[in-house]
Amino acid sequence: MTKRVVYPLFFVVLAFGMLIPQVHATIPTYDRSSKVDCNASSCASTSLATSAGDLIIVTIDCWSSTGSIGTTTDTLSTTFTTANSLTLAQTGFTSYTMLTGTSAGGSDTITVNKGGCSSAFSNQFSFSVDIYSFVTGIGITNKNFGSVGSGSGSDTLTMIIQPNSFIYETLAANNGNANCPVDSGSSGQTIRDTFACAQAGGNVINGIVMDRQYTNGGSTPSTAAWSATASSSFFFHMTIELLASGASVTTVSNCYGNCGTPAVTTTNTNSTKGINFNITQTYFYENQVIFPALIVNMSAHIACSYGTAQCPYAETLTLGLYATQTQCFGAIPFTPTCPAQLVASSQTISPSKGLFTFSVNYGVFTGQWIALGFTGSRSGLQINDTNTSVNIFNTFGFPATLSNVASQGTSKAEVFAWAVGNTVIGGGIIPASSLCNQNVDFLCTLQQAACGLTPSNCLVGGLILGIIYSIVTIFFLEIVLFKLGMTMGLPGGIYILIFISWMTVWALVVGALWFIILEILTVSIIFSSFMGSLAKSQGTGRQSS
């Protein structure tokens, strides 16, 4: 009996596939830091060892209320650029700057000149130098500052980040007591540097620099906190994203609500004047989020100035953003089975004609439902129209939970919100959301399987799964052939076809179109070589005969 032969060509192709060069995403790492509290015209850091390509971050806190920090230089002639800042003009009495530069390699000493940063504080400014390896660049940034009615508080900044990114951040806090705040991170951050407490009379201020690396991407909140015994305190908070290599990020934006075409288009008409707001009710637009993002702000365009001859009465406009907690699979959004919560709102009394906008900074994910609501205190609310009609709904009151709505046809009222997020180019795609319904969102589930296997590069995980699926497919195919009593093995090309097919499927899942092109080129070269060899052998055979 002739024995069945399993062609070894499959194993050759398998080994070849494993050796195909991949685009690997190297995970960023924190190396070392130096901290300086300065009360001189300039101060220098300790000497820090760097490698070529390392990212140098210089975070400077200037405690001055009259001027800003001067220049920053180093012994390697690094070019520093501002990644994020809170200027003196913004805060009114202090300034904060994050500078970044790429090291040429070697020992480095950073010097910061005081410039106009002069104050009565014991330390006129402080700065830290932090070194990171394998950082592609700076992603998105965020910042906030303000005051609270106690000596303790917290602030949360949310960013849409990529897998394996660091969130690098600084917090400063001050109060009018002699009790210096204790600063900390409430999101698992590691504190890298703590600035000395600067004092001027009864005022004290200090700050910290900290970071945390996140395996998964998406909407990520980072909370900083401070604690002291005082009647009030001020805080200053900034974050930047340090990107992993193997992917580049492009910022994209989208307008939700009724933005007109193109966004934003305003007309001189208004269709809200006929809505009876003497009855307490809220009108709103519904939208499903199309990519993970931050809802940056929400706006309405007011058609007249209230309290003037044009609109001689008082009017209160309230805007609100609602968001569901899930993608509402198998449920209708804004109903008891998938309600939405009020996540941000703002109110203006007797507004003036023009755009009324308030900051939101709320993170949303793909498939989530949001509602942009507006209500007035009396009939006669005048909001300008856009040039498009959009489906609109209403509900009773201005509820904290939106779960009972009714369609009101369409409206042109110009109420909208801007969302800003990131798209990833190269290195495989990032699943838009950590929420996948396995019954209806199979592709999302496959993406998470690949990216979960190798978070630093989704393509690598996809190819590993492709190899596993190829082996399992061929194994079961051999069992079937054995059960059928077939004594001859399949042509080697069948094994190659199975292998390439699974590689293609998983490359499509993670969006690596370049790998599919590479497969096509490889197969074309192999096929051309085979046909050339075949033609040559046939020509040799004819000459021999």
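**Surface, sheet and loop features of the predicted model**

The protein has an accessible surface of about 24100 Å², of which 59% belongs to carbon and sulfur atoms (Shrake-Rupley method, 1.4 Å probe; for residues, only the protein chains shown count as cover). The model is predicted, with local features requiring pLDDT of at least 70 and side-chain atom pairs counted only at pLDDT 80 or more, while totals for chains, interfaces and linings use all residues. Residues are numbered from 1 along each chain as its sequence is written, and side-chain values use heavy atoms, with hydrogens and water left out.

Of the 545 residues, 49% are buried (under 20% relative accessible area, 1.4 Å probe, protein chains only). Among contacts (heavy atoms within 4.5 Å) with a separation of 6 or more, 81% are between residues 24 or more positions apart.

The secondary structure comprises 6 helices and 30 strands (DSSP runs of H or I with at least four residues, and of E with at least two, numbered from the N terminus). An open antiparallel sheet is formed by 5 strands in the order E1-E10-E4-E7-E6, where pairing requires at least two DSSP bridges between two strands. Strands E1 (29-38) and E6 (81-86) are the edges, each pairing on one side only. E6 pairs with E7 (residues 95-102) in the antiparallel sense over 5 bridges, and Ser 85 stands opposite Thr 97 in E7.

Gln 382 is located in the loop between strands E26 (369-376) and E27 (385-396). Gln 382 counts as buried because its relative accessibility is 11%. Leaving aside residues up to four places away in sequence, Gln 382 touches several residues, including Asn 270, His 301, Cys 304, Cys 311 and Tyr 313.

Key: Buried < 20%, exposed > 50% of the residue type's maximum accessible area, 1.4 Å probe, protein only.
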